[in-house]
Amino acid sequence: MADSNGQRLLLFDLDESIRYRKLDESVEGVQPTKSKPRPEEEAKLSMMFGVFLPCILAIFSGILFLRLGFAVGQGGSLETFAMFFLGYFIVTLTTLSLSAVSTNGAVKGGGAYFMISRALGPEFGGSIGVMFFLASVFSSSLYCIGFTEALTDSFGEGGFFTKDASFALPTDHWYLFAYSSAVLFFCLVICIIGAQMFAKTQLIIFLVVMAAILSSVVSFVKQDSMIIHTQDNSTANYTGFSIDTFMDNLKSNYTEDYSTGKTQTFVSVFAVIFNGCVGIMAGANLSGELKNPSKAIPVGTLGALLYTGLIYIVLIILIAFTCTRELLVGNYNFLQDISACPPLIALGIFASTLSASLSALIGASRVLIALANDSLFGPALWPVQKLVTKSGNPIGAVLLSWLLAQLVLFVGELNTIASLVSIFFLLSYAAVNLACLALDLASAPNFRPSFKYFAWPTSLTGMIGCLVMMFLIDPMWASVSAAIFLLLLVVIYFGSGDSQWGYISQALIFHQVRKYLLLLDTRKDHVKFWRPQILLLIANPRSSCGLIRFVNDMKKSGLYVIGHVKQGCVDDYPTDPVEREEPAWLKLVETLKVKAFVELTLAQSIREGAQHLMRISGLGGMKPNMVVLGFYDDVIPEDSLSQMNQPRRGFYGTVQDDVEDGNPLLQLPPLRTEGQDKLIARDEYVSIVLDIIRLKKGVCLARNFHSFNREALGKNREGARQYIDVWPVNFLKPETAGYFDTACIFLLQVACVVSMVPAWKKNARMRVFLCVDADYASTNHKKEKLRRFLTELRIKAEIVTVPWNHITVINNQAEVSAHMTGANWVTHVSEDYLRALNSMVRDHAQGSAVVFTYLPMPPIDKELHSQYLHLMDILTRDLPPTMMVHGQTEVTLTAL
């Protein structure tokens, strides 16, 4: 399409969002003008200079020249091949995962941290980002120490080039520290100049390293046998190609490492050698400087692994055929001694270690600036975020990375630091594999990377391999690193606000829940596995906080849905009004700390909306079997939410909610005030109760829960125990007292569920009231019968007998009972009788936290609905929080 100026427009820009973008400035018949590229676009690195060469140099580092012979001498050629195979197996699987993640969208600065954080969310991404930052810092120090070791081996006291010289570099501890610090400072200067300066030197360094490797290969082939001095001033043989030498080097013979004084094992040698495989992130760390990171990272990294792997194989074979074990374990710098051009070997070691240190320091600074830009640690990294040049070079991040690397230099021993570096890198690689594994298992439609050579088994194997080797190398430091990771995860979780990157956990949960919901077959339901699944219908949550929290205790690990009906028609609104209100309800659930879903609907009447919710709430086999409503009365509601309506404090200040009006709870509708009409009429309310019964669901009418305070449970002034009172008797059929129908058992079951909640179990006791005649001779028999019944139901409760024949005589019960099944039974109930019942319940309600009573069936005749509510009002007036319950289904068994 074209705009008014004839310029072609692209309607969808996949790298940013849905917007217009000019493809060029051309119009028909006119040659388009070439726009000058921006400086940052000119500075982008190619795959060769941004990924391939940095990865090769980081993989070789100083391990190729300084520790390859150490590995063969200690572990033999077979186990050395096994070490490299294991190391390359782990990093290759990690590279496959890295390639999949990096080709699933635009990759920006931050490398591995950016990819993991955008895949797994800020908690995992930030934690692993810090661990990878530490790994890079330690790695930079490691390579500086490797540079110093090569420097002193060449020019120190007794060094290769200073054996007969009058001057040699001092090799005391602090001199070694000074040399390493100088090398690190040189790296700092290069990093301050910028990554482009580093990139321009890569080709030169690569050519120097390759020249040194080629010189070594030629020397192995051409050099005759010779005697070489070892570190302990003894001698060892270089035999040239010899089958005897190869056979002697075939198997392991672990001895003491002269640099640390520790006896080596397969794992300890692997910990050192693995640093010759860990450079795969060198290219990913420069993702912000790459022209096309999604293509450059997989191709360049896999190419570097193949290239370095072949060179390692050739050199291991040459070393095994030509060098005696005494030489390999006694002189780590033996390549200079056998080389036809020793200065070239020294230059290759200096170039490779310096390049690897530079790469690690730049990688650490890029991860750190990405962490700072994402503000995961609040103001702690603000100085780092501010100290950035106009060209984008993060000076602050470079300086902080250099400072930490300088502190690491105090350790001083290459092999000691190598183990820590390996552990940090293995943990980081495990996270990369986890990110790919999670994305693949979540089966999200938007996870469709252009790199296809991976699968979830490769990611899982890579992750397990990383974790196993991490703990084999050093269980203590592996545990420490894991503990640091978990601590960072907790800090970021509580200290950062909501992420805009998405959470892989949500995708995984959806995927698993969908599978298990399909397995949940309602045809296999059984009464012994019954649990309450509750729909709570709320008119206004501001006055219902106590009820919401109490119903949360009633659910007993069952489904809990908070439903609300907004009256209106879709045609009356420009957009969906329910969608605008949903954030406030979700914030309410979070504020009250209840485990509930929220279902909102729009309907022309409250009853119609309630029917919608009763039928469609839940999913599959998880659907409400009970509906709870607040009682219908004329009491002006009180705002119980206001005291909770406070912004949450995080580690670094107030967490601002991501809505225009600030706190979402402020969007909830105001409460009804005196003089305002209710949104629902009496007959419509009772009709909703009848609808619930018709749909064969249990119904509960809740009253006086505005006074319910869960925090006060068990904290009454006298210190007396509180009670859950249960009146399992149909007050309108007193002759049935002591005989439990399905509704009474349902009532007992719901009360029992509440008593099983830990807070209630600790602070409240269940009481069951048995109404009896004062002069009835079988009172004790009824009590014993009830006790046996409760025992069979495994309900632990105190039985309280209440004489009530003085109350039942108030009303003509014969007449009432005769009309119980009729439509006008409510007209035959004496209000004085109900007041007496109310007084009886109140008299026994001292210390009651909640009261459960039997809910009589409402009349079908709409003209009697108001009278029904009036009678229920008299029955429950001024009681403690009361739940009137009517159930229709079996909910418990006495048999197994």
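## Reading exposure in this model

A residue counts as buried when its relative accessible area is under 20%, as exposed when that value is over 50%, and as partly exposed in between. Glu 831, at 27% relative accessibility, is therefore partly exposed. Please keep in mind as you read on that this is a predicted model.

Glu 831 has a charged partner: its side chain meets that of Arg 835 in a salt bridge, with 3.1 Å from N to O. The two residues sit four positions apart in helix α31 (residues 831-843), so about one helical turn separates them. Arg 835 is partly exposed as well, at 39% relative accessibility.

Elsewhere, salt bridges with shared partners tie Asp 633, Arg 703, Asp 873 and Arg 877 into one network. The count of salt bridges in the structure comes to 15.

## Asp 691 and its two arginines

Side chains of opposite charge can pair when their charged atoms come close. With the side chain of Arg 607, Asp 691 forms a salt bridge of 2.7 Å, N to O. This pair links distant parts of the chain, 84 residues apart: Arg 607 belongs to helix α24 (residues 606-616), and Asp 691 to helix α25 (residues 682-694).

Arg 694 also forms a salt bridge with Asp 691, and here the closest N and O atoms are 2.9 Å apart. Arg 694 and Asp 691 are three residues apart in helix α25, so the separation is about one helical turn. Is Asp 691 buried or exposed? Asp 691 is buried, with a relative accessible area of 6%, while Arg 607 is partly exposed at 24%.

## The largest cavity

Let us turn to the spaces inside. The structure holds three cavities of 30 Å³ or more, and the largest cavity has about 120 Å³ of space. Its lining is made by 14 residues, of which Ala 58, Gly 279, Ser 359, Ala 360 and Phe 425 are the closest to its centre.

Which elements give two or more residues to this lining? They are α6 (122-155), α11 (281-284) and α15 (342-373), with α6 giving the most, four residues. What kinds of residue line the largest cavity? Nine are nonpolar and five are polar, and no charged residue takes part.

## A nonpolar patch on the surface

On the outside, Phe 81, Leu 306, Leu 310, Ile 313 and Ile 317 make up a nonpolar patch. Together these residues have about 440 Å² of accessible area.

Helix α12 (residues 293-322) supplies the largest share of the patch, four residues. Leu 310 is one of the patch residues, and Leu 310 lies in helix α12.

## Gln 749 in helix α26

One last stop is Gln 749, which is found in helix α26 (residues 742-756). Gln 749 has a relative accessible area of 14%, and because buried means under 20%, Gln 749 is buried.

How far apart are the C-alpha atoms of Gln 749 and Ile 795? The separation is 8.3 Å, for two residues that lie 46 residues apart along the chain.

Note on methods. Residues are numbered from 1 along each chain as its sequence is written. This is a predicted model: local features need pLDDT of at least 70, side-chain atom pairs count only at pLDDT 80 or more; totals for chains, interfaces and linings use all residues. Side-chain values use heavy atoms; hydrogens and water are left out. Patches are made of residues with over 30% relative accessible area and no salt bridge: like charges are joined within 9 Å, nonpolar side chains (Val, Leu, Ile, Met, Phe, Trp, Tyr) within 5 Å. Accessible areas come from the Shrake-Rupley method with a 1.4 Å probe; for residues, only the protein chains shown count as cover. A salt bridge is a side-chain nitrogen of Lys or Arg within 4 Å of a carboxyl oxygen of Asp or Glu. On a 1 Å grid over the protein atoms alone, a cavity is a set of points where a 1.4 Å probe fits but cannot get out, and a pocket is an open set with protein on both sides within 12 Å along at least five of seven lines; lining residues have an atom within 4 Å of a point. Grid points are joined across faces, edges and corners, and a volume is the space filled by probe spheres set on the points. Ala, Val, Leu, Ile, Met, Phe, Trp, Tyr, Cys and Pro count as nonpolar, Asp, Glu, Lys and Arg as charged, and the others, Gly among them, as polar. Buried means under 20% relative accessible area, exposed over 50%, partly exposed in between (1.4 Å probe, protein chains only).
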